[in-house]
Amino acid sequence: NIMPYVKEDVVNHIAQDTGLTKDESKAALESTLEFIMDANADNEAVKLKGFGSFNPVERKARKGINPNTGEDMQIQSATVPKFKPGKTYKDRVKG
């Protein structure tokens, strides 16, 4: 079982890598994540060259089936976040 990194691990890495304090690192990470979420909430994409892009995508309304009752139902359209990794990211993960 792979243990995932959590936000605290990322904060610790930023602090070690940059020399910032843990509080400064946490603030920088929080600010970055808030910026991405706010931009997507405003229907704006955020593209980080080499890393990837965070895009709001419109999911169309569609028919579905209620798993509890088996009855047909209408699923409403929705805007959802989508991450598309960049080439550098994909190449690094690929090995």
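Two strands are taken to pair if DSSP finds at least two bridges between them, strands (E, at least two residues) and helices (H or I, at least four) being DSSP runs numbered from the N terminus. The structure is a predicted model, in which local features need pLDDT of at least 70 and side-chain atom pairs count only at pLDDT 80 or more, whereas totals for chains, interfaces and linings use all residues. Residues are numbered from 1 along each chain as its sequence is written, and side-chain values use heavy atoms, with hydrogens and water left out.

Strand E3 (residues 62-65) and strand E4 (residues 72-75) pair in the antiparallel sense over four bridges, and Ile65 has Asp72 in E4 as its bridge partner. E3 and E4 form a hairpin with six residues between them, and in the turn Gly70 has a positive phi of about 80 degrees.

A patch of positive charge gathers Lys47, Lys82, Lys84, Lys90 and Lys94, to which strand E5 (78-85) and helix H3 (87-94) each supply at least two residues. Lys90, found in helix H3, is partly exposed, with a relative accessible area of 44%, where partly exposed lies between buried (under 20%) and exposed (over 50%).

A negative surface patch is formed by Glu34, Asp38, Asp42 and Glu44. Glu44 lies in the loop between helix H2 (22-41) and strand E1 (46-48), and at 48% relative accessibility Glu44 counts as partly exposed.

Definitions and conventions: Patch = residues over 30% accessible without salt bridge, like charges linked within 9 Å, V, L, I, M, F, W, Y side chains within 5 Å. Areas by Shrake-Rupley, 256 points an atom, 1.4 Å probe, with all protein chains shown as cover. Salt bridge = Lys/Arg side-chain N within 4 Å of Asp/Glu carboxyl O. Lys, Arg positive; Asp, Glu negative; His and termini not counted. Charge placed at Lys NZ, Arg CZ, Asp CG, Glu CD. Buried < 20%, exposed > 50% of the residue type's maximum accessible area, 1.4 Å probe, protein only.
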